[in-house]
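Subject: Structure handover and notes

Hello,

Please find the structure below, followed by my notes on it.

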Amino acid sequence: IALLLFSVLRPGTASTAPRLGEQKVREPAPDFTLSLFGGGQFRLAEKRGTAVVVNFWGSWCPPCRAEMPALQKVWEAYQGQGLVLIGVNVQDTEADALAFLKEVGVTFPTGPDRDGSIAVAYRVIGFPTTIFINREGQVVRRWTGAISQERLTVLVEDLLR
């Protein structure tokens with residue numbers, strides 16, 4: 001943690017250091033397969049042609065807990081319009097993750113990144129992190145930190161255009 005903070009906060013690295021909030025990007029989305037809580041699998045490659053939002057979270061993470069109701073509401077509002085929302089649970093126990101999902105009433109597909117490889121592939125530097133992938137399979141936005149329902153709605157509508 002100390003090395004991460006040093007690399008982010010040291011002088012002269014502001015232009016390359018990761019930051020909280022929104023970052024516009026344009027890069028191929030790494031493919032991944034995620035075993036889902038409750039059974040089944042999610043494979044990103046099968047979603048080509050669809051707008052996808054990937055949210056990295058943990059039940060132990062207060063900002064993740066704070067934003068999860070907004071993710072659920074946006075999922076409910078936009079799933080019928082072609083949005084795919086997938087939750088990737090990181091550094092958690094299955095029991096804690098499932099208890100949290102039940103508590104919040106999450107219905108969008110979610111599963112554990114058991115070895116952390118998906119988070120590494122997406123260069124997750126903090127939690128929560130939300131990745132926006134367009135229909136062409138390109139990561140177009142990355143949001144590090146909790147996102148409000150209002151901002152999430154704007155970004156999802158932009159993604160669906």
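Two residues are said to touch, or to be in contact, when they have heavy atoms within 4.5 Å of each other. The model is a predicted one, in which local features need pLDDT of at least 70, side-chain atom pairs count only at pLDDT 80 or more, and totals for chains, interfaces and linings use all residues. Residues are numbered from 1 along each chain as its sequence is written, and side-chain values use heavy atoms, with hydrogens and water left out.

Confidence

pLDDT is the predictor's confidence in each residue, on a scale from 0 to 100. Its mean over the protein is 89, and 88% of the residues reach 70 or more. Residues 1–18 stay under 50, and the model has eight contacts for them beyond four places in sequence.

Overall layout

The protein has five helices and eight strands. Both are DSSP runs numbered from the N terminus: helices are H or I with at least four residues, strands are E with at least two. From the N terminus on, the order is α-β-β-β-β-α-β-α-β-α-β-β-α. Taking contacts between residues at least 6 apart in sequence, 71% join residues at least 24 apart.

Of the 161 residues, 48% count as buried. Buried means under 20% relative accessible area, exposed means over 50%, and partly exposed is in between (1.4 Å probe, protein chains only). The accessible surface comes to about 8400 Å², and 55% of this belongs to carbon and sulfur atoms. Such areas come from the Shrake-Rupley method with a 1.4 Å probe; for residues, only the protein chains shown count as cover.

The cores

A nonpolar core is a set of buried Ala, Val, Leu, Ile, Met, Phe, Trp, Tyr and Cys residues joined through side-chain atoms within 4.5 Å. In soluble globular proteins, nonpolar side chains tend to be buried together. The largest core here has 27 residues, and F132 and V156 touch the most other members. Two or more residues each come from strand 4, helix 2 (62–78), strand 5 (83–89), helix 3 (94–104), strand 8 (138–144) and helix 5 (149–160). Helix 2 gives the largest share, six residues. Another core, of 20 residues, lies apart from this one, and among its members are L36, V90, I131 and I133.

Leaving out residues up to four places away in sequence, F132 touches partners including V52, V53, W143, L152, L155, V156 and L159.

A29 sits in the loop between strand 1 and strand 2 (33–35). A29 counts as buried because its relative accessibility is 16%. The C-alpha atoms of A29 and I133 are 6.9 Å apart, although 104 residues separate them along the chain.

Q138, in strand 8, is buried at a relative accessible area of 19%. A polar atom of its side chain lies 3.5 Å from the backbone nitrogen of E27. Beyond four places in sequence, Q138 touches R26, E27, P28, A29, F132 and I133.

Backbone exceptions

Most residues other than glycine have a negative phi, and most peptide bonds are trans. The bond joining F127 and P128 is cis, with omega about -5 degrees. Phi of Q91 is positive, near 50 degrees; Q91 lies in the loop between strand 5 and helix 3 and counts as exposed at 60% relative accessibility. R123 also has a positive phi, near 50 degrees, and counts as partly exposed at 48%.

Regards

Note on methods:
Polar contact = N/O pair within 3.5 Å; in protein donor to acceptor, adjacent residues only side chain to side chain.
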